[in-house]
Structures are given as C-alpha cells and as structure tokens.
Amino acid sequence: TGFHQIDEHFQILEFAGFKLGLTPKSELPWEYHDRLRSAFQPYIVIFVFKLLSLVGLENPFRVATLLRMISGVLSWMGMCLFYFVGRKQLLTKNLVSWFLLFSFLSWFLFYNHVRFSSENWAGNFFVIGFSILFLSNKNSETPWFLSGLLMGLAFICRFQIAFLILGLMSWLVFVRKPGFRAISVICVGLCLAVCLGVLLDYKFYDGWTLTPLNYFKSNIINDRISTFGHEPWWFYIKKSFKQLVPPFSLIFILGTLLYFFFNPKDALTWSLIPFLLVHFLITHKETRFLYPLVGFLPLIFIKFLSFLDQEQFCKKSIAKSYILKFYWLLNLVLLA
C-alpha cells in the first residue's frame, strides 16, 4: 500500500498521474476541480517518473519506492541539523548521547519519515529552515535566505505550516531581534518559494490560481472541512496518548507542556503554540495534521528527562534511569 492516509496517494500521486496520462481527470478528487492542492509535490513525482523512464524503470511502484527513499534522506538531513541545534540546550554529555539515539532511532520517526506526504515534507523543510537559523553565522545573509526559502517550501507543501512560520517570525521580531535586514532577507526567501508554488500551480491547473487562498475559502470560510467530521478540542490529547504508546505517550504530552512553561522565550515555544492552538480550534481533526511536529519530539523527550534531573524532583535520577531503560526496550521492539 505504501501510504499512511489516502490523501497521500490521491492528492499527490494521482495528481501527477493525471499529468503523466495515467489517471483520467474524472478519477481525480474534488480538490483538483476546486484547485485546492499545491502542484509542488506532484511535479516532484513527475520529475522522478520521467527520470526513471530514461532507463526503463517508470513502473509506478518503483517510482513510489524511490520517493519514499528520497523522503527518508530529506528527513535524515533535517534530524542531523536539528540534533546540532538541540544538543546546545543540554547540560550533560549523557543527555546529549540519549538525544542522539532518540533523534535517529525512534520508531515513530522511522515510520513517518519515509512518507512522501505533505505532512512529512512540510515538517522536514521547516525543521531544516529552523535549524539553519541557529547554526548560521549571524552576520551572513545566505543562511537567512535559505531559511526563508525552505520555510516557504514547507508552506507550499502544506499550507497549515503558515502558523509555524508565523510563530517563528514573531519570535525573531520580538525576542531575537536580528534587525530589519535579516527579517527582509528571510521574507525574500519565503516569497520566492511562494512564487515558485504559484508558477507550478499555473502550469498544473492551466491558469492562474492561488491554491492557498482557494483552500482557505473552501475549508475555513465555507466550512467544508467540517463535513469530514467534528471532534472535541481534546481529540489530539486522546489520540496522542494512544498512538505514541502509553505510558510513554504521557511523557510527550506532559513534556510539551513543561517545555512551553519553562521556555517561554524559546523559538520552539513560539513556533509550536500557534500551530497547536489553531489545530485544537478547528473542528475536523486528524492526528496526521500534527505530524509536521514529530521531528521536535526527541528534544522535548530529553528536556523532560532533564527536568527529572533537577535536584528538587529526583536527586539520584532513579526515575529517569527506569524510564530510559523501559522506553528503550519498547522502542527497539517497535522499531523492529
């Protein structure tokens, strides 16, 4: 099957299939006719298909497999960069070592990071753009531009990423304050990526259109998204508790809240809170909507362990030791 959710197939692979002459227009979902979906990822599929066709390997299953491999490499790049960002926040070598293991050997990352889905690619582009901001030379314009460009690519993969970008840009303006020049260069990169998305959409839909605006009008203004189901505000808490494997799922839930509480001026706090609030407020909810955030979970997990290390909570870190051993054993089973 290959895909996690049917949108990953019907709104990306079949869109590309239409342009390749493999899928009739009558078989496309309503999102195509309403021009709601970005053409960026379908054109990646088209490029890979034509590349493989040069050597006679244009079989759709081979194309899908290669796309998952490319997704895995992109995810690995994001986790490498974010690892070097996150390790700076950890106080001991032991925590850094655990952070390394959780960043590259967590079962849920392996599962999610090979998906050629809008959630995964948008999350990866944002993680890479986010990391570049903190690994770059503060006086260099190139990293600022690259960061903006990558965050823009994240947006054209999945429009909801706008709330992550809005939060991070707000942090830059009000907390870090890098200056007007840096903000301007980041915005140039963002705008360039959005313009690329508009041009690809023009070619794909055979006419000018703004797919983000169409998406907003259809799903938010006209409330079409509600026709797919209504869930209460606590839906994500309940589902996260189940899907991230209890009782350790509590660590991710509580760890996220503790991270926000103890790091109110942190860039990650400012980025994640707007994104989460909007998704909690929207009536239709699916756990995959939060998958762009999974790359940040290893740091949240380790920061929770760092909290357990605090003297007033656990002097000998006995609780942390048992949590780590038990979690790692379960993780290896799930990884297998």
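**Helix packing and buried contacts in a predicted model**

The axes of H4 and helix H7, which covers residues 118–135, come within 8 Å and cross at roughly 30°. An angle under 35 degrees counts as roughly parallel, and that makes H4 roughly parallel to H7. The crossing in which H4 passes H7 is left-handed.

Helix H4, residues 60–86, packs with helix H5, residues 93–105, at an angle of about 165°, and their axes are 10 Å apart. H4 and H5 are therefore roughly antiparallel to each other, and their crossing is right-handed. On the H4 side of this contact we find Trp76, Met79, Cys80, Phe82, Tyr83 and Gly86, and they meet Val96, Phe99, Leu100, Ser103 and Phe104 on the H5 side.

While we are on H5, I would point to Leu95, which is found in that helix and, at 2% relative accessibility, counts as buried. Computed along the sequence, how far is Leu95 from Ser306, and how far in space? They are 211 residues apart in sequence, yet their C-alpha atoms are 7.5 Å apart.

The buried set consists of Leu297, Pro298, Leu299, Ile300, Phe301, Ile302, Lys303, Phe304, Leu305, Phe307 and Leu308.

Cys157 has its place in helix H8, residues 141–157, and it counts as buried because its relative accessibility is 10%, the cut-off being under 20%. Apart from neighbours within four places in sequence, Cys157 is in contact with Phe40, Gln41, Ser118, Trp121, Ala122 and Phe125. The C-alpha atoms of Cys157 and Ala39 are separated by 8.5 Å, although these residues are 118 apart along the chain.

Is H3 largely enclosed or largely open, and why? Since 10 of its 14 residues are buried, H3 is largely enclosed by the rest of the structure. The buried residues of H3 are Phe40, Gln41, Pro42, Tyr43, Ile44, Val45, Ile46, Val48, Phe49 and Leu52, and what covers them includes H1, H4, H7, H8 and helix H10.

Of these covering helices, H1, residues 6–19, has an axis that comes within 8 Å of the axis of H3, residues 40–53, and the two cross at roughly 60°. H1 and H3 are therefore oblique to each other, and H1 passes H3 in a right-handed crossing. Here Gln11, Ile12, Leu13, Phe15, Ala16 and Lys19 in H1 meet Gln41, Pro42, Tyr43, Val45 and Ile46 in H3.

Finally, some backbone details in the loops. A cis peptide bond, with omega about 5°, joins Pro246 and Pro247, and Pro247 is found in the loop between helix H12 and helix H13. Lys177 is not a glycine, yet has a positive phi of about 55°; Lys177 is found in the loop between helix H9 and H10, and at 59% relative accessibility counts as exposed. Asp223, also not a glycine, has a positive phi of about 60°; Asp223 is found in the loop between helix H11 and H12, and its 39% relative accessibility means that it counts as partly exposed.

Terms used: Residues are numbered from 1 along each chain as its sequence is written. This is a predicted model: local features need pLDDT of at least 70, side-chain atom pairs count only at pLDDT 80 or more; totals for chains, interfaces and linings use all residues. Side-chain values use heavy atoms; hydrogens and water are left out. Buried means under 20% relative accessible area, exposed over 50%, partly exposed in between (1.4 Å probe, protein chains only). Helices (H or I, at least four residues) and strands (E, at least two) are DSSP runs, numbered from the N terminus. Contact means heavy atoms within 4.5 Å. Axes are lines fitted to C-alpha atoms, for helices over the stretch in contact, and angles run from 0 to 180 degrees between N-to-C directions. Angles under 35 degrees count as roughly parallel, over 145 as roughly antiparallel, 65 to 115 as roughly perpendicular and the rest as oblique. A crossing is left-handed if the near helix is turned anticlockwise from the far one by less than a right angle, and right-handed if clockwise.
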